[in-house]
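Trainee: I'd like a close look at one part of this chain, taken slowly.

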Amino acid sequence: MGVTYVPVARVGEIKPGEVKPIELGGREALLVENGGNYYVCDRLCPHEGVDLRTGVVEQAQIRCANHGYRFDLATGACTMPPGGPPLTVLPVEIRGEEICVKLEW
Ligand code: FES
């Protein structure tokens with residue numbers, strides 16, 4: 001199995017609480033800072049496809065501004081309502097000064 005680290009930003013570029021749109025291999029995603037941790041997730045809500053850039057981030061979760069579904073940014077699980085559609089998330093690793101998405105195949 002191989003692993004690739006794709007740099008998406010430098011640590012100093014991302015402000016606390018920032019939700020930054022990024023592109024990953026032609027796919028729209030979000031880079032999110034919360035509580036000193038970084039997360040990468042799909043940009044579109046898995047409920048009805050609204051842009052999560054306008055979502056509210058707190059306690060390592062993002063809440064969609066449309067119907068209020070909440071997703072765990074580490075696991076992608078829908079926490080409200082429980083058992084709702086999961087959000088796609090990707091593992092993040094800090095390598096030196098770079099925030100990288102870890103891709104395995
Ligand atoms: S579109 Fe996001 S909760 Fe409905």
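Trainee: Which residues touch the most other members in the largest nonpolar core?

Mentor: Two ground rules before we dig in. Residues are numbered from 1 along each chain, following the sequence as written. This is a predicted model, so local features need pLDDT of at least 70 and side-chain atom pairs count only at pLDDT 80 or more, while totals for chains, interfaces and linings use all residues.

Now the core. It has 23 residues, and those touching the most other members are L30, L31, V32, Y39, V40, C41 and L73. By nonpolar core I mean a set of buried Ala, Val, Leu, Ile, Met, Phe, Trp, Tyr and Cys residues joined through C-beta atoms within 7 Å. Buried takes 20 or more other C-beta atoms within 10 Å of a residue's own, exposed takes 12 or fewer, and partly exposed is in between, with C-beta atoms placed from the backbone. Two or more core residues come from each of β3 (27-34), β4 (37-42) and β11 (98-104). Strands here are DSSP runs of E, at least two residues long, and helices are runs of H or I, at least four, numbered from the N terminus.

Take L30 as a way in. Leaving out neighbours within four places in sequence, L30 is in contact with V19, K20, P21, I22, V40, C41, R43, L52 and R53; contact means C-beta atoms, placed from the backbone, within 7 Å.

On one side, β4 runs antiparallel to β3, joined by 6 bridges; strands pair if DSSP finds at least two bridges between them. L31 has V40 as its bridge partner in β4. The hairpin of β3 and β4 has 2 residues between the strands, and G35 there takes a positive phi near 60°. β4 also pairs with strand β9 (residues 89-90), antiparallel again, over 2 bridges, and C41 stands opposite V89 in β9.

For contrast, look at I94, which lies in strand β10 (residues 92-95). I94 counts as exposed because it has 11 C-beta neighbours inside 10 Å. Not counting residues up to four places away in sequence, I94 touches V11 and I99.

Elsewhere, 4 strands make an open antiparallel sheet in the order β5-β6-β7-β8. β5 (56-58) and β8 (78-80) stand at its edges with a single partner strand each, so one side of each has no neighbour in the sheet. Inside that sheet, strand β6 (residues 61-63) and strand β7 (residues 70-72) run antiparallel, joined by 3 bridges, and R63 stands opposite R70 in β7.

Stepping back, the chain has 0 helices and 11 strands. Its radius of gyration is 13 Å, close to the 13 Å that the globule rule gives for 105 residues, so the chain is as compact as a globular protein of that length. That radius is taken over C-alpha atoms, and the rule is 2.2 Å times the number of residues to the power 0.38. The C-alpha trace spans about 35 × 30 × 20 Å along its principal axes. Buried residues make up 27% of the 105 residues. Among contacts with a separation of 6 or more, 38% link residues 24 or more positions apart.

Definitions and conventions:
Contact = placed C-beta atoms within 7 Å.
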